[in-house]
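Here is a short note for a colleague who is new to this structure.

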Amino acid sequence: MEPRTIRVRLFARARELAQRGEVELPGGPMDVATLRRRLIAEAPGLASFLDRCAVAVNEDLAGAASMIRPGDEVAILPPVSGGWA
Amino acid sequence: MIGLTSEAIDPAAVLAAVRRPDCGGVVLFLGTVRDLTGDQRTVALDYEAYGGMAEKVMGLIEAELRERWPVRGLAMLHRVGHLDIGDVAVAIAVSTPHRSEAFAACHHAIDRVKELVPIWKRENRPDGEATWVHPHDPPPGLL
């Protein structure tokens, strides 16, 4: 059966702010910007921190316009010690 | 020997993994848990990793090193879990035919690991407070 949700994994402070390590977002394909909005609706504790985090899709960093499909693994990555830039 | 480990890192084993008869230069870098960051005392650290991506990115760093320097032996290990002061958090060993390439490649490797690999640390303070270290946080006292 086709997966119907997008699995989002959360780490470090993002995990603590969301009070869980994983969120399942139902629905069809969406871009990363939409996923960020959906995630804040689902876990409002992330609101002040999420814009400092990078997003990885299937273990690759993804930009705001990247498309995410059900079945993809998404991860919210807080800044690491040397920075993402 | 490239990846994450929840076991104590043995520097001798890391070195042994890269020693080769055709290499005259071997450089070992150890990142160890420090008790003081600025004036903030730390009693222990917890490292958390996005395991799959961390190991994938370490593989990309390996490819980059091998492209830029004549790296013959390479070991890159990062510890995860609870670490005490003095414990080895990261170890990188590089062997090359001559010493200058080994220094350069090892220096680049640790910079890339710190910059790119999704691993985070939480500092545990003597008063029981614990905070994740995410750069570009305002320094303590500014909030």
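1. Chain A and chain B share 3 salt bridges, each a side-chain nitrogen of Lys or Arg within 4 Å of a carboxyl oxygen of Asp or Glu. One salt bridge joins the side chains of A:Asp60 and B:Lys56, at 3.2 Å from N to O.

2. On chain A, the side that touches chain B draws at least two residues from each of strand S1 (5-10), helix H1 (12-18), S5 and strand S7 (73-77). H1(A) gives the most, with 4 residues. By class, this side of chain A has 13 nonpolar, 4 polar and 8 charged residues.

3. A note on the basis: this is a predicted model, where local features need pLDDT of at least 70, side-chain atom pairs count only at pLDDT 80 or more, and totals for chains, interfaces and linings use all residues. Residues are numbered from 1 along each chain as its sequence is written, chains are lettered from A in the order in which they are written, and side-chain values use heavy atoms, without hydrogens and water.

4. Contact here means heavy atoms within 4.5 Å. By that rule, 25 residues of chain A meet 20 residues of chain B.

5. Now the second largest pocket. Its lining has 12 residues; A:Leu61, B:Met53, B:Val57, B:Leu60 and B:Leu116 lie nearest its centre. H2(B) gives the most to this lining, with 6 residues. The lining divides into 7 nonpolar, no polar and 5 charged residues. A pocket is an open set of points on a 1 Å grid over the protein atoms alone, where a 1.4 Å probe fits, with protein on both sides within 12 Å along at least five of seven lines; lining residues have an atom within 4 Å of a point.

Definitions and conventions: Nonpolar A, V, L, I, M, F, W, Y, C, P; charged D, E, K, R; others polar.
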